[in-house]
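Here's a quick tour of some side-chain contacts and a helix pair. Have the structure open while you read.

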Amino acid sequence: MITELEMGKGESELELGLGLSLGGGTGAKIGGKSGGGAWGERGRLLTAKDFPSVGSKRAADSSSHAGSSPPRSSQVVGWPPIGSHRMNSLVNNQATKSAREEEEAGKKKVNDDHQQPKDVTKKVNGKVQLGFIKVNMDGVAIGRKVDLNAHSSYENLAQTLEDMFFRTNPGTIGLTGQFTKPLRLLDGSSEFVLTYEDKEGDWMLVGDVPWRMFITSVKRLRVMKTSEANGLAARHQEPKERQRNQPA
Amino acid sequence: MNYFPEEVIEHVFNFIASHRDRNSISLVCKSWHKIERFCRKKVFIGNCYAINPERLIRRFPCLKSLTLKGKPHFADFNLVPYEWGGFVHPWIEALSSSHVGLEELRLKRMVVTDESLDLLSRSFPNFKSLVLVSCEGFTTDGLASIASNCRHLRELDLQENEIDDHRGQWLNCFPDSCTTLTSLNFACLKGETNVAALERLVARSPNLKTLKLNRAVPLDALARLMSCAPQLVDLGVGSYENEPDPESFRKLMAAIQKCSSLRSLSGFLEAAPLCLPAFYPVCQNLISLNLSYAAEIRGNHLIKLIQLCKRLQRLWILDSIGDKGLVVVAATCKELQELRVFPSDLHGEEDNNNAAVTEVGLVAISAGCPKLHSILYFCKQMTNAALITVAKNCPNFIRFRLCILEPHKPDHITSQSLDEGFGAIVQACKGLRRLSVSGLLNDQVFLYIGMYAEELEMLSIAFAGETDKGMLYVLNGCKKLRKLEIRDSPFGNAALLADVHKYETMRSLWMSSCEVTLGGCKRLAQNSPRLNVEIINESESNRMERNEEDERDKVDKLYLYRTVVGTRKDAPPYVRIL
């Protein structure tokens, strides 16, 4: 069931752990679990500290950084400091542009597409209207926002989500005695899965549809326990059956 | 001592508009305090948790206009989690049940609900003006309440809010008797707009001066709207056709010709450049131009437009203008006072730097625009030499915000830190009130800031500094500092705790991903009853699990602010108030 989420791209470095229960992760819920949760890791927003080539030892060896490749500014959370409204607009434009370019490139290959360029643009404009969408993880009260347009595939997205929620602060590792092994989000081998709510309000498993279709229909993401998501998969299995054969 | 009757004093006070001056007046003596209280019409509250609505109303019963700010500035960049706070509802409730005749409400970074908007619309018969900036939590249903119930509405200004667009008929909710609108801005709405309702509304609003449309208002509608509102001063254009038909274009041109009062242009949210020439006739009168959302307008189209805007005082654009474009701005816009250059490409897809701006553009602007006093500049690279030149050319900066996109990036020619460059800026610009620094920076820059930035009120620091000394230089030196926000910099407890009383002279301090620990924050809170010290840690379950806290734990986010009303009660569980 969940194995159908396999992306088939052989991303061995994909390490995404999901450790969340449903319900927005209120305190009461967490307290209800025995011992305080199935995971004890501290998620943390990416900051420059995650990029040791740039983060530490600033002044001392500033010149030595010339060799290392610095992180792209878009990989650091909340950086560059552009308001989210503006950021959404920006990424929408970029997505529209690249989608339009892709469509036109595809058009050249497929001769039976008779649409005018203008129509393609409009269609793309109508569809690609997203930017930051909310991500909630069970067990974490603090929701996040992730910029879908900054990602090109499910693996990308999964990596970002892992970084967001599971990168341990080096100072606190070992405090809880637990460190989650890298969990595979998308192939179903972990105890957590990534789900999303689409435009109709249905909750689906992520990975069933081609990426481009996914990003036009996703409204928000939620990471939930596999056990709870099992029902979800079963519910939506048949309608999705056909789509599963399409490349992700 | 009063030698005049109270009425006379009150009359004199009414000429004093600035809230800072008003605050000063009220401190002179008890009698002035009392007089001032009862004639204060406008109140500005920079942090909604510094005071509560009950005390506000008690002190200023004749209040007509209230400005409230909620979340800290870094909330704009997704650094503040949801439900942190900033709820406007308690304020509206309190005002509603009092006798305050509220006429104007301006909110920034607050959570506003449809319920709040509905209550607002029903509670104040003379309500005239609603301005919401960077707010969230409401939908177009809330707007419908405002439209339906506020009989005397003049201004509805929605700037960069997150609004759930139910694609309802909120524009239809303005009754036919509503003819008082002077300002309508719904550019941030993402959904369809009832264009017919909009046209009718504009047609019956002869005083409409500001109109800012969203994406959904197409070109032909724009032409009709402008035809019935030739008195417009400030226009925000929605979307544009890629290739308009000649008839539409002609109509638009005819409409624009009549708009001789137009002084400010913005939007072009989904614009293709081919329609720009229709706007050429108004360019010579423009004092404000905001093309920062117009990703499609670039290159020669943009240059041609700018070359006509000789009276421009304010320009917001994308960095696709390039250094060459900025040289044109410098040559053309001699009246320029404020410039903002935003990044257009975040993912490094365009490796050719023709699309970006560099220190060259900045220097050109500083040399060409003698009246420049405010700048926000996103760029890929900078040099000390350029900053020193800019400082010499423009000693009049009051706002200088430079954002080099890559954290820790040094002077790209000398590979040194940019301390000297920023040092030159603060030394030359004696009136500097707001500063944002970036690039590779040591403690030295903060020494300069502490020494020279005597008027500095707001400082933003990211990925900078070396030791606690950096932060200490600033706290000790900048006497007028009100807001300090720091992220990803190595400042810790020693700096935080050196002068706790300093924070009572400031509005707020934000520190995220720095070196301050839980223990340090606790010590700070212990000595400061008039400060709220809030800690936001990322993982709630982590916090609940551990029975003993480790005071050596670093705090993810610290936000502290002065307050006269103690701990707030509406904080979510992951915000800990010490």
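Is B:V12 buried, partly exposed or exposed? At 44% relative accessibility, B:V12 counts as partly exposed, where buried means under 20% relative accessible area, exposed over 50%, and partly exposed in between (1.4 Å probe, protein chains only).

## Ground rules

This is a predicted model, so local features need pLDDT of at least 70 and side-chain atom pairs count only at pLDDT 80 or more, while totals for chains, interfaces and linings use all residues. Residues are numbered from 1 along each chain as its sequence is written, chains are lettered from A and ligands numbered from 1 in the order in which they are written, and side-chain values use heavy atoms, with hydrogens and water left out.

## A nonpolar patch

B:V12 sits in helix 1 (residues 6-13) of chain B; helices here are DSSP runs (H or I, at least four residues) and strands are too (E, at least two), numbered from the N terminus. Together with B:Y3, B:F4 and B:V8, B:V12 makes a nonpolar surface patch with about 460 Å² of accessible area. Patch members have over 30% relative accessible area and no salt bridge, with nonpolar side chains (Val, Leu, Ile, Met, Phe, Trp, Tyr) joined within 5 Å and like charges within 9 Å. The areas come from the Shrake-Rupley method with a 1.4 Å probe, and for residues only the protein chains shown count as cover.

## Salt bridges

Over all chains, there are 27 salt bridges, meaning a side-chain nitrogen of Lys or Arg within 4 Å of a carboxyl oxygen of Asp or Glu. One of them pairs B:R22 with B:E36 at 3.0 Å, N to O. B:R22 is in helix 2 (residues 19-26) of chain B and B:E36 in helix 3 (residues 30-39) of chain B, so this pair ties together parts 14 residues apart in sequence. B:R22 counts as buried at 5% relative accessibility, and B:E36 counts as buried at 0%.

Then there's B:E551 with B:K522, whose closest N and O atoms are 2.9 Å apart. B:E551 is partly exposed at 37% relative accessibility, and B:K522 is partly exposed at 21%. Salt bridges also link B:R20, B:E457 and B:R482 in a network.

## Two helices side by side

In chain B, helix 17 (residues 444-452) packs against helix 18 (residues 468-477) at an angle of about 5 degrees, with axes 8 Å apart. That makes helix 17 of chain B roughly parallel to helix 18 of chain B (angles under 35 degrees count as roughly parallel, over 145 as roughly antiparallel, 65 to 115 as roughly perpendicular and the rest as oblique). Axes are lines fitted to C-alpha atoms, for helices over the stretch in contact, with angles running from 0 to 180 degrees between N-to-C directions.
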